[in-house]
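Welcome, and thanks for bringing your viewer along. Let's walk through this entry one selection at a time.

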Amino acid sequence: MPANLPPQYHEAEKVYRTAKTPEEKVEALETMLAIMPKHKGTDHLRAELRRRIAKHQEEAERRPSAGKKGGYNIRREGAGQIVLVGLPNAGKSQLVSALTEARPDVADYPYTTKAPMPGMMKFENIQIQLVDMPPIIDREAKSWLSHLLRNADVLLVMVDLGEDPYPQMEAVLGELDRMKVKLIGSEVKDELLIGVAQKKALIVGNKSDLDMTGDNFKLLNARYGGKTPLVAISVKEGTGLEEMKRAIYNILDIMRVYTKAPGMKADLNEPVILKKGSTVEEAAEAIHKDFRRNLKYAQVWGSGKFDGQRVSRGHVLEDGDVVEFHI
Ligand SMILES: Nc1nc2c(ncn2[C@@H]2O[C@H](COP(=O)(O)OP(=O)(O)O)[C@@H](O)[C@H]2O)c(=O)[nH]1
Ligand SMILES: [Mg+2]
């Protein structure tokens with residue numbers, strides 16, 4: 001146990017020990033994880049906390065608990081999990097319906113969406129998970145809603161460009177504040193620092209077809225554009241969607257590499273998805289645990305000095321590289 005853990009950590013631990021439901025346990029553990037300083041000395045403990053969170057999440061999923069409508073936990077699939085955040089009527093369900101095989105209800109009355117609904121969105125040769133959500137102001141959904149937001153890789157904050165964007169953004173950011181979720185790039189007040197989850201985000205102005213002059217988008221950009229990536233789309237007219245997908249891909253901070261067997265061509269439809277800056281040995285491990293141990297060397301097409309260059313385990317790969325492992 002590392003020394004100097006702040007007192008709030010021990011308080012959260014007490015809450016954890018006395019918690020009765022798996023949901024409460026997950027919440028307490030997440031607080032502990034957020035408070036825990038991030039350095040080599042706490043790696044082990046943080047991994048242990050994550051393991052326990054996963055365990056209690058599974059418990060929660062199995063439990064046919066009362067009042068737990070919809071999924072408490074959405075299993076991450078594909079290259080990343082993007083959770084939609086916004087007020088009623090922004091067009092969240094319409095977006096998920098347009099870009100994935102999921103068919104959430106779309107309607108021009110609020111609170112149509114009651115449960116989270118995941119779907120897979122294709123971007124070039126990868127799949128990214130979009131999760132449609134009830135409006136962030138839905139009180140009934142609050143506890144699991146906050147949990148899903150904390151768990152997401154990226155939050156997609158959607159506003160309706162047919163209306164003044166400021167009150168919408170303020171309402172959303174206010175709710176996120178209460179859930180102790182902060183968009184990266186926005187200021188964190190000191191008293192909120194403990195237990196705050198900082199999340200990468202993309203702000204999406206939808207219904208650009210109703211913002212003929214572009215004035216609402218300009219307002220949005222003027223206040224939030226410097227801090228958070230931002231795009232305008234119209235799901236109705238199908239505009240801006242490619243740009244939005246690329247923005248999501250960029251925020252995920254991932255890259256694609258391709259593997260090949262000696263004498264064969266790489267299959268460019270089957271990328272291995274890795275965190276940006278990953279090395280040859282991390283790529284090997286992503287394919288199979290034993291691969292990393294047994295790896296002798298690799299050849300790289302792309303980021304090497306020349307095609308097929310022999311590189312060491314520590315060689316940093318780049319998006320689009322082709323790798324041939326030799327074991
Ligand atoms: N004009 C226009 N209307 C849209 C657009 N996207 C969604 N809508 C409409 O906005 C309403 C709310 O959409 P919905 O997806 O249910 O919103 P949600 O509450 O955020 O899930 C529906 O009547 C949609 O048809 C768009 O790009 N332009
Ligand atoms: Mg909806």
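A residue belongs to the shell around a ligand if its C-beta atom, placed from the backbone, lies within 6 Å of it. Keep in mind that this is a predicted model.

**Stop one: the ligand.** Select ligand 1 and show its shell, which holds 20 residues. Gly91, Ser93, Gln94, Asp108 and Lys236 come nearest. Now colour helix H4, residues 92-99: with three residues, H4 supplies the largest share of this shell. If you colour by class instead, you will find nine polar, six nonpolar and five charged residues around ligand 1.

**Stop two: the largest nonpolar core.** This core has 51 residues. Select Val83, Val85, Val154, Leu155, Leu156 and Val157, which touch the most other members. Then highlight strand E4 (residues 154-160), the element that gives the most to this core, with six residues.

Centre on Val83 next. Which residues does Val83 touch, leaving aside those up to four places away in sequence? They are Val131, Met133, Leu148, Leu149, Ala152, Leu155 and Leu156.

**Stop four: helix H9.** Select residues 280-287 and pick out Val280, Ala283 and Ala284, which are buried. Look down the axis: these three lie on the same side of H9, because they cover an arc of only 100° around it. An α-helix has 3.6 residues a turn, so residues three or four places apart point the same way.

Finally, show what covers the buried residues of H9: among the elements there are strands E8 (254-259), E9 (272-275) and E10 (297-301), as well as helix H10 (289-294).

Terms used
Residues are numbered from 1 along each chain as its sequence is written. Chains are lettered from A and ligands numbered from 1 in the order in which they are written. This is a predicted model: local features need pLDDT of at least 70, side-chain atom pairs count only at pLDDT 80 or more; totals for chains, interfaces and linings use all residues. Helices (H or I, at least four residues) and strands (E, at least two) are DSSP runs, numbered from the N terminus. Ala, Val, Leu, Ile, Met, Phe, Trp, Tyr, Cys and Pro count as nonpolar, Asp, Glu, Lys and Arg as charged, and the others, Gly among them, as polar. A nonpolar core is a set of buried Ala, Val, Leu, Ile, Met, Phe, Trp, Tyr and Cys residues joined through C-beta atoms within 7 Å. A residue is buried if 20 or more other C-beta atoms lie within 10 Å of its own, exposed if 12 or fewer, and partly exposed in between; C-beta atoms are placed from the backbone. Two residues are in contact if their C-beta atoms, placed from the backbone, lie within 7 Å. The arc is that of the directions from the helix axis to the C-beta atoms.
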